[in-house]
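Subject: Structure for your review

Dear colleague,

Please find below the structure I am handing over to you, together with its sequence. My notes on the findings follow directly after it.

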Amino acid sequence: MRVPYTPDPPTTTDPAELEIVDRIRARRAPRPLQPLDLALLHSPVVADGWNSFLGAVRTKTTLSDAVRELAISRVAVCNRAWYEWGHHAPLAVKGGVSPAAMELVKAEDLATVTAAQRAEVGLSDQEWAVLRLTDEMTRKVSVADETFAEARKYFSDKEVVEIVATVSCYNCVSRFLVALDVGERNATGPNDPLH
C-alpha cells in the first residue's frame, strides 16, 4: 500500500465522519471494513460517495450475479487488479459461472478464445457478449457497434445501462486499487495462490 491504511476503528471524533464509517460498516456487514475502505477513509467524503455508488452497483441492479461478477472480473483482468479479481472471481463462481470459464476470463486477448472453448466451459452467448463489451469498454473506452448490438440481443435498455455502469464503476475501482496497491496483491498476477 502506498499510503498507510487508516486505523480500524478510525480515530475520528467528528460526528459526520463517524456516521460515514457507520454507513460503510452497515454495507459491509457482517464482514469488517476492507483494505479498500481503510484506504478511502483518508477522505471520508470520498469514502461516503464511493460507498453509496458501489452499494447501488453491487446490490441494487437487476443483473444476475453471474453477469455482474463476470464483468467485474474481466475489468480486473484487463487492468491487472488482482485484489479485485480475488474478491469477485469467487462471486462469479458462486453465481453459477464454472471455474473453467473463469480461467477463460483470464485470457489476455478474448479473440484467442474459440466458440468451442466457450461451449466446453459453459459460457453462454449472453455471458460472452458481456465479456466482449467489458473488454472493449476497459481497453478502448469506445465500443464497436457490432459488439454493442450483440449485447443488445440479450439485455433490456435497463440492463445495458446497468452493465455499462458496472464496468465503468469497476474500472474506477481497479484504477484506485492498482495506483495505491491496495491489498498488496495487484502485482501478483491471476495465478497467484491467493486468487
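In this predicted model, 10 residues of domain 1 are in contact with 14 residues of domain 2. The two domains span residues 15-60 and 65-180, respectively, and their centres, taken over C-alpha atoms, are separated by 25 Å. About 1,000 Å² is buried between domain 1 and domain 2, with carbon and sulfur atoms giving 74% of that area. On the domain 1 side, the residues that lose the most area to domain 2 are Trp 50, Val 57 and Arg 58, which together account for 52% of what that side buries.

As to specific interactions, the count between the two domains is one salt bridge. The side chains of Arg 58 and Glu 69 meet in a salt bridge, at 2.6 Å from N to O. One residue pair in polar contact is found across the interface of domain 1 and domain 2, both residues being at pLDDT 80 or more.

The side of domain 1 that touches domain 2 draws at least two residues from each of α2 (35-40) and α3 (44-59). Its largest share, five residues, comes from α3. By residue class, this side consists of eight nonpolar residues, one polar and one charged.

Regarding annotation, an unreviewed UniProt entry places the feature "domain: Carboxymuconolactone decarboxylase-like" at residues 45-112. Over residues 45-112 the chain is 74% helix and 0% strand, and the end C-alpha atoms lie 43 Å apart.

With kind regards

Technical notes: Residues numbered from 1 in each chain as written. Predicted model: local features only at pLDDT ≥ 70, side-chain atom pairs only at ≥ 80, totals over all residues. Heavy atoms only, no water. UniProt positions renumbered as here; feature names shortened; annotations may be inferred. Helix = DSSP H or I, 4+ residues; strand = E, 2+ residues; numbered from the N terminus. Domains from an automatic or database assignment. Contact = heavy atoms within 4.5 Å. Buried area = accessible area lost by both parts, 1.4 Å probe. Salt bridge = Lys/Arg side-chain N within 4 Å of Asp/Glu carboxyl O. Polar contact = N/O pair within 3.5 Å; in protein donor to acceptor, adjacent residues only side chain to side chain. Nonpolar A, V, L, I, M, F, W, Y, C, P; charged D, E, K, R; others polar.
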